[in-house]
Amino acid sequence: MEAFTSRRTGTPDPACQLRLEIRSVEQRFVAVAGGDALRLQGNAVGRRYPAGKQRCVDMTTAFVLGGGGLLGAAEVGMLQALLDREILPDLVVGSSVGALNGVVIAADPTTAAVDRLSETWAQLQARDVFSGSVAKQISNVVHHGTYLHGNEALRKLIDEAAPGAMIEDLAVRFECVAASIENACAHWFAAGPVVDAVLASCAVPGLLPPVCVGDEHFMDGGLVSSVPVGRALDLGATRIFVLHVGRIEQALRVPRRPWDVALVAFEIPRRQQFSEDLSRVPAGVKVHILPTGTEVPGALSTRYGLTRHISRRIAAAREATAAYLRSTSGL
């Protein structure tokens, strides 16, 4: 059994634990147990990887990227650290902002692509995805009634990351999740236009409009599967790297302000599903929950538009994840 590590620094810390009461579950699967490896049928066939990278046919490596708005910048640093160690995915599963980060690595699993993603995050405020004037936000509410921001800037950003791409043509198998309004269920996009699928997965209620794909309307994937470890398991992953934004460690408190109510109500089912997914990890599967490297704030924040800490979060996550990977045997 390997040492239990701090999700903030990536260094051994016996006192560190998720405040979801999943410590015992996590300690059970950090080390590889015996058992037959699960395979993702056909996933390694025809996938394009950088020259000289040899894929292991006995292991399906999944990158699971969770939601969390601007806190998702930490996932970029984690991706940099993984590729620095030449750890490449056979499968990428994303939710909300994790779908946006994930599709970049699925389209082009190279350090150059992740560096471009880092530059995109650094320019996020200039891209006007979640900014815009107060007058524009009021205009959106008056005219549409249900959201503050249009999704044109985000659509453009996604299309630049994977121009005109179809999910089934990406270099690495990719799926992302969104919440279907009409069917009241999780919908997994495994084929079709990248831009529609990722835009649907990122459609945060109240901030961005629902996205229409075919005959259905979709909202943010975090409503139904915020950190989709379970999907990676269902698809046969045997080694899973969880890239998250850090909120799974943050203690919830009784709401004191009106806007806190919605945040806490969202977090409870989000964490409950993540805990359930971890509890069903079978023997023979390794799960690595990567560290963000930053202090967890004292309270959940509604200040989704702040971008000044993005570069710091990317750098901290890269450093902490690199330390975790160096100290973890049997990767």
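The crossing of α3 and α8 is right-handed. This is a predicted model, and every value I quote is computed from it. The axes of α3 and α8 come within 7 Å and cross at roughly 150°. Angles over 145 degrees count as roughly antiparallel, and α3 and α8 are therefore roughly antiparallel to each other.

Which residues make that contact? On the α3 side they are Ala-99, Leu-100 and Val-103, and they meet Val-194, Val-198 and Ser-201 in α8. Sorted by class, the contact of α3 with α8 has 5 nonpolar residues, 1 polar and no charged.

Now α8 itself, which covers residues 194–201. How many of its 8 residues are buried? The count is 7 of the 8, so the helix is largely enclosed by the rest of the structure. The buried ones are Val-194, Val-195, Ala-197, Val-198, Leu-199, Ala-200 and Ser-201.

Back to α3, residues 97–107, and its packing with α4. Here the angle is about 145°, with the axes 9 Å apart. The crossing of α3 and α4 is right-handed. From α3, the contact takes Val-97, Asn-101, Val-104 and Ile-105, and from α4 it takes Ala-113, Val-114, Leu-117 and Trp-121. By class, the contact of α3 with α4 comes out at 7 nonpolar residues, 1 polar and no charged.

The next pair is α4, residues 111–122, with α11, residues 310–327. Their axes are 9 Å apart and the packing angle is about 150°. α4 and α11 are therefore roughly antiparallel to each other. α4 passes α11 in a right-handed crossing. Ser-118, Trp-121 and Ala-122 are the α4 residues in this contact, and their partners in α11 are Ile-310, Ser-311 and Ile-314. The residues of the contact of α4 with α11 divide into 4 nonpolar, 2 polar and no charged. Trp-121 of α4 is listed in the contact with α3 and again in the contact with α11.

In soluble globular proteins, nonpolar side chains tend to be buried together. In this chain, the largest nonpolar core has 58 residues. Which of its members touch the most others? They are Phe-63, Leu-82, Trp-121, Phe-174, Val-198 and Leu-243. Helix α2, residues 73–84, supplies the largest share of this core, with 8 residues. A second, separate core has 21 residues, among them Val-177, Ala-237, Ile-248 and Val-287.

Take Phe-174 as an example. Leaving out residues up to four places away in sequence, Phe-174 touches Val-92, Ala-99, Gly-102, Val-103, Ala-106, Ile-167, Phe-189, Ala-190 and Val-198. Ala-99, Val-103 and Val-198 are also among the residues at the contact of α3 with α8.

Some totals for the chain. There are 11 helices and 8 strands. Of the 331 residues, 50% are buried. Taking contacts between residues at least 6 apart in sequence, 77% join residues at least 24 apart.

Next, three loop positions. The loop between α6 and α7 holds Asn-151. Is Asn-151 buried or exposed? Its relative accessible area is 13%, and the cut-off for buried is under 20%, so Asn-151 counts as buried. Not counting residues up to four places away in sequence, Asn-151 touches Leu-199, Leu-208, Pro-209 and Val-211. Asn-151 and Leu-199 are 48 residues apart in sequence, and their C-alpha atoms are 7.9 Å apart. Leu-199 is one of the buried residues in α8.

The other two positions concern backbone angles. Most residues other than glycine have a negative phi. Which phi does Glu-86 have? The value is positive, about 60°, although Glu-86 is not a glycine. Glu-86 sits in the loop between α2 and β2, and is exposed, with a relative accessible area of 54%.

Ser-96 also has a positive phi, near 55°, and is a residue other than glycine. Its place is in the loop between β2 and α3. Ser-96 counts as buried, at 6% relative accessibility.

Note on methods
Residues are numbered from 1 along each chain as its sequence is written. This is a predicted model: local features need pLDDT of at least 70, side-chain atom pairs count only at pLDDT 80 or more; totals for chains, interfaces and linings use all residues. Side-chain values use heavy atoms; hydrogens and water are left out. A nonpolar core is a set of buried Ala, Val, Leu, Ile, Met, Phe, Trp, Tyr and Cys residues joined through side-chain atoms within 4.5 Å. Buried means under 20% relative accessible area, exposed over 50%, partly exposed in between (1.4 Å probe, protein chains only). Helices (H or I, at least four residues) and strands (E, at least two) are DSSP runs, numbered from the N terminus. Contact means heavy atoms within 4.5 Å. Axes are lines fitted to C-alpha atoms, for helices over the stretch in contact, and angles run from 0 to 180 degrees between N-to-C directions. Angles under 35 degrees count as roughly parallel, over 145 as roughly antiparallel, 65 to 115 as roughly perpendicular and the rest as oblique. A crossing is left-handed if the near helix is turned anticlockwise from the far one by less than a right angle, and right-handed if clockwise. Ala, Val, Leu, Ile, Met, Phe, Trp, Tyr, Cys and Pro count as nonpolar, Asp, Glu, Lys and Arg as charged, and the others, Gly among them, as polar.
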